[in-house]
Amino acid sequence: MNNFKRGFLWGGAVAAHQVEGAWQKDGKGISVADVMTAGTNDISREITKGVLPNKNYPNHDAIDFYERYKEDIALFAEMGFKCFRTSIAWSRIFPNGDDEKPNEAGLRFYDDLFDECLKYGIEPVITLSHFEIPWHLVEKYNGFANRKTIDFFVHFAVTCFERYKNKVKYWMTFNEINNQADFNNDISMVTNSGLLLDDYNNNEAEMYQSAHYELVASALAVKKGKKINSEFMMGAMISYIPVYPVSSDPQDMLLAQKFNQRRLWFSDVQVWGEYPKETENYTEQNNLISDITEEDRVILKEGTVDYIGFSYYQSMTVSAKNVNIDQIKSPMEMVVKNPHLKINEWGWSIDPLGLRYGLNELTDRYHLPLFIVENGLGAIDKVENDGSIHDLYRIDYLRKHLQEAKKAVTFDGVDLIGYTSWGCIDLVSAGTGQMSKRYGFIYVDKDDKGNGTLERSKKDSFYWYQRVIQTNGKEL
Ligand code: P53
């Protein structure tokens, strides 16, 4: 039986703002993550206009990875990680985003971090923009609603490529670039594009226009990166959510297809170098991308990606009942509960088979290598009196997903190059700002109010994953 290939990139994933803390250390500027308060599952995070007194901003200190990364990477190495996915906090390198010269102390931090990984043979897998756009770019330029932000991003990207060209091979430009497909969600709009919803009255058009500029920025970065080092592997990164019709009613089928088109056009552009027909038509009819030049189109063609990185947590199910397929207002209006699936404590459906389905769909659509760069279960963990943590539910979730990934490799011929589980060490949740929504193999002693020793300890899943890597996925 065919198995995960030799050299398979086993590892874990985090993002700078969710772990580093040290939000003002060594010249770092404020990013969007620094103006988001802590929420819960029911109370959404507040996006404040700048950093205000008396608010709880969980990303300011996070888990102090900035000071403790050596200890943490030693633990990753103990699990046998072959790779580690993190991001470069844009505002460590360019504190305001529009600075001409980079901040040397910020660049040095990532030099040291990557060296520490390489010391153990751990390959860094790097996202350039993971929900961390400098706040100054939001305030002064309206983020990616402004064409100028393309140049700021490309300047940042090229600075990183030049500096780390001998340390980093795997890159991704924007994290979950399609997360903003739900353009009424203020968190994804500010984290993806640096857009504040209250500044606009046509969210959909703002989203499409900003996403277009991001796609141009991404393509330019890919093109320039390849010139700096032709060995670079440049990836797209999308939030992959299979969309199922709630029934076999052709109305539901068509709607699921439409929903899928509205989520995948971002990576379509990154892979094909051009807009798919449906998006071209839809945006023209509704005047959603008013500024797109012939030069943009050439750039998109010249900067196509080498692989697809994606996150997978859940599937979604849609119903055409009460929906006019040709006049969808918000993509979320058609989402319904799937009667066949259980949900986690945050309402996310648990669907391991959806991962196999997705690996097939993305392979059919893009004919490119795939990299699962996020997958995991957010759950509340209980620390026993002796300090142990029996997170069997997490092992169960990851095992079932990896079993399906293995089937996709073995029976469907999918070209899968790696797997990094999300939040390999507990971190600040992006959606809710909570610490208690934990994903890690490694527990971090800190609660939602910010109290705790920050001490690290191994959960049961730590030993399970160690064995998975040791056997290259034979034992799951
Ligand atoms: P949290 C929404 C839907 C799917 C993935 O999410 C998402 C989000 C944003 O919340 O984000 C990715 O922390 C993202 C990570 C994030 C992770 O999923 O809300 O790339 O930064 O932490 C999990 O539980």
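Lys258 is a residue of helix H9, where helices (H or I, at least four residues) and strands (E, at least two) are DSSP runs numbered from the N terminus. The model is predicted, so local features need pLDDT of at least 70 and side-chain atom pairs count only at pLDDT 80 or more, whereas totals for chains, interfaces and linings use all residues. Residues are numbered from 1 along each chain as its sequence is written, and side-chain values use heavy atoms, with hydrogens and water left out.

Is Lys258 buried or exposed? Its relative accessible area is 16%, and Lys258 is therefore buried; the term buried means under 20% relative accessible area, exposed means over 50%, and partly exposed lies in between (1.4 Å probe, protein chains only). Not counting residues up to four places away in sequence, Lys258 touches Glu278, Ile325 and Ile328, contact being defined as heavy atoms within 4.5 Å.

Met334 lies in the loop between strand E8 (316–318) and strand E9 (335–336). With a relative accessible area of 2%, Met334 is buried.

Helix H9 (residues 250–272) packs with H8 at an angle of about 25°, and the axes are 10 Å apart. Axes here are lines fitted to C-alpha atoms, for helices over the stretch in contact, and angles run from 0 to 180 degrees between N-to-C directions. H8 and H9 are therefore roughly parallel to each other, since angles under 35 degrees count as roughly parallel, over 145 as roughly antiparallel, 65 to 115 as roughly perpendicular and the rest as oblique. The crossing of H8 and H9 is right-handed; a crossing has this hand if the near helix is turned clockwise from the far one by less than a right angle, and is left-handed if anticlockwise. On the H8 side, the contact is made by Met207, Tyr208, Ala211, Leu215 and Ser218, and on the H9 side by Arg262, Trp265, Phe266, Val269 and Gln270. These residues divide into 7 nonpolar, 2 polar and 1 charged, with Ala, Val, Leu, Ile, Met, Phe, Trp, Tyr, Cys and Pro counted as nonpolar, Asp, Glu, Lys and Arg as charged, and the others, Gly among them, as polar.

The next topic is the nonpolar core, a set of buried Ala, Val, Leu, Ile, Met, Phe, Trp, Tyr and Cys residues joined through side-chain atoms within 4.5 Å. Which members of the largest nonpolar core touch the most other members? They are Phe153, Trp171 and Phe310, within a core of 133 residues. Helix H8 (residues 203–228) gives the most to this core, with 12 residues. A second, separate core of 12 residues includes Val243, Val323, Ile325 and Met334. Trp171 itself touches, among others, Ile88, Ile126, Leu128, Phe161, Tyr164 and Tyr307, not counting residues up to four places away in sequence.

Tyr164 belongs to another helix contact as well: Glu104, Gly106, Leu107, Arg108, Tyr110, Asp111 and Phe114 in H4 meet Thr159, Arg163 and Tyr164 in H6. By class, this contact of H4 with H6 has 4 nonpolar, 2 polar and 4 charged residues. Helix H4 (residues 104–119) and helix H6 (residues 148–164) pack at an angle of about 45°, with axes 11 Å apart, and are therefore oblique to each other. Their crossing is right-handed.

A further helix pair is formed by H13 (residues 392–410) and H14 (residues 460–470), which pack at an angle of about 25° with their axes 8 Å apart. H13 and H14 are therefore roughly parallel to each other, and H13 passes H14 in a right-handed crossing.

Finally, Ser188 and Ser44 may be set side by side. Ser188 lies in helix H7 (residues 186–193) and is buried, with a relative accessible area of 5%. Ser44, in the loop between helix H1 (16–19) and helix H2 (65–79), counts as exposed at 57% relative accessibility.
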